[in-house]
Amino acid sequence: MSKKKLVFSGVQPTGNLHLGNYLGALKNFVSLQKEMECIYCVVDLHAITSFQKPNELEDNVFETVASFLATGIDPNKSIIFNQSSVSGHAELAWILNCVSRIGWLNRMTQFKDKAGSDKEKASVGLYIYPNLMAADILLYKASHVPVGADQKQHLELCRDIAQKFNNDFNCEGFFPLPEPLIQKNVSRVMSLRDGNKKMSKSEESDYSRINLKDTTDEISKKIKKAKSDSEPIPQSLKGLEKKPEALNLVNIYSELSKSSLDKVLNEMSGKEYSFLKTKLAELLINEITPVGKEIKKLLNDKPYLKQVLKKGEEKANIIAEENLKNIREKVGLI
Ligand code: AQP
């Protein structure tokens, strides 16, 4: 069994990347480059499980690569590429569709959330999305997958699929069982308008999220308007138990200021949320606006972004083809 540590993760090119993607995934992607080999993928085949306008999809692929680079992913260290340019993802997904069980997919809560009340009208792709995600990871035999907490269930499914493949084809250890790497404090950044929903690109209100490309003014306005609480900041976390919006703001502040939740509450208890909001807006502006500026700069250099994708595609294809050759053999495909 391969004991090599290899990271794989993906981001859908479905629009503006936001603070949730940044704190829940991208920052972790950057720090992992120091310890392990990393493959970071723009997962356009996942994006089309919900309809995307073709020209917008293309723009969003560039935007996602630019966001990878602007947050500090180094194309000379890590492999950065677009999913549909390596056809092995779709091929392995088909093989895994035949290993995965309908009962397993029926338990996936993201499908229930995204399909809404009329499941009959959701695409088949949206339903089998987790099998494609398993293929993305297993195609490279990745050992570690940095994701937000929302993807934990899909990772567990990936492990079940890998184990079943190893059992069915009598090849124990062929696919490693990948470990999720989930950020402790900010595994789930919530919407600024509704603390029970995660911050998301597809949420209609732009006031629900901080986009990486937001200007200083936009960040200040959004934080000012964010829902909090009419009572002062409590002394302990217990006081935030039924206040998800206030807890979300405290959580984000704690992460950006690199102070523990207890320390933040200790310093701020008794103060109004407007005090926390002013400090939080400052921190966000310092951290996010330089990233946004760099994204905009990179988007003006499409030839460079294409070159990064091409180089990544070539490297990814070599690993994918080698692994696929062995996978086809195991299954008996000639
Ligand atoms: N709110 C969040 N908090 C923490 N982590 C998050 N991630 C997404 N939202 C949050 C993590 O970011 C990575 C890339 O996610 P994605 O864009 O591929 O898919 P998603 O989870 O479906 O993100 P969105 O914003 O909700 O997109 P839409 O609205 O298009 O569906 C993943 O690791 C994810 O966990």
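How close do the axes of helix H4 and helix H13 come, and at what angle do they cross?

1. In this predicted model, the axis of helix H4 (residues 88-97) and the axis of helix H13 (residues 302-331) come within 11 Å. The two axes cross at roughly 20°. Helix H4 is therefore roughly parallel to H13, since angles under 35 degrees count as roughly parallel.

2. The crossing of H4 past H13 is left-handed. On the H4 side, Gly88, Glu91, Leu92 and Ile95 make the contact. On the H13 side, the contact is made by Leu324, Ile327, Arg328 and Val331. Sorted by class, the contact of these helices contains five nonpolar residues, one polar residue and two charged residues.

3. At the level of the whole protein, there is a division into domain 1 (6-187 + 302-331) and domain 2 (206-296). The C-alpha centres of domain 1 and domain 2 lie 30 Å apart.

4. The contact between the domains takes 15 residues from domain 1 and 15 residues from domain 2. The size of an interface is often given as the accessible area lost when the parts come together. Between domain 1 and domain 2, the buried area is about 1,400 Å², and carbon and sulfur atoms give 65% of this area.

5. Three residues of domain 1 deserve a separate remark: Leu19, Tyr22 and Ala70. Together they supply 35% of the area that domain 1 buries against domain 2, more than any other three residues.

Methods:
Residues are numbered from 1 along each chain as its sequence is written. This is a predicted model: local features need pLDDT of at least 70, side-chain atom pairs count only at pLDDT 80 or more; totals for chains, interfaces and linings use all residues. Side-chain values use heavy atoms; hydrogens and water are left out. Axes are lines fitted to C-alpha atoms, for helices over the stretch in contact, and angles run from 0 to 180 degrees between N-to-C directions. Helices (H or I, at least four residues) and strands (E, at least two) are DSSP runs, numbered from the N terminus. Angles under 35 degrees count as roughly parallel, over 145 as roughly antiparallel, 65 to 115 as roughly perpendicular and the rest as oblique. A crossing is left-handed if the near helix is turned anticlockwise from the far one by less than a right angle, and right-handed if clockwise. Contact means heavy atoms within 4.5 Å. Ala, Val, Leu, Ile, Met, Phe, Trp, Tyr, Cys and Pro count as nonpolar, Asp, Glu, Lys and Arg as charged, and the others, Gly among them, as polar. Domain bounds come from an automatic or database domain assignment. Buried area is the accessible area (1.4 Å probe) that two parts lose on being put together, summed over both.
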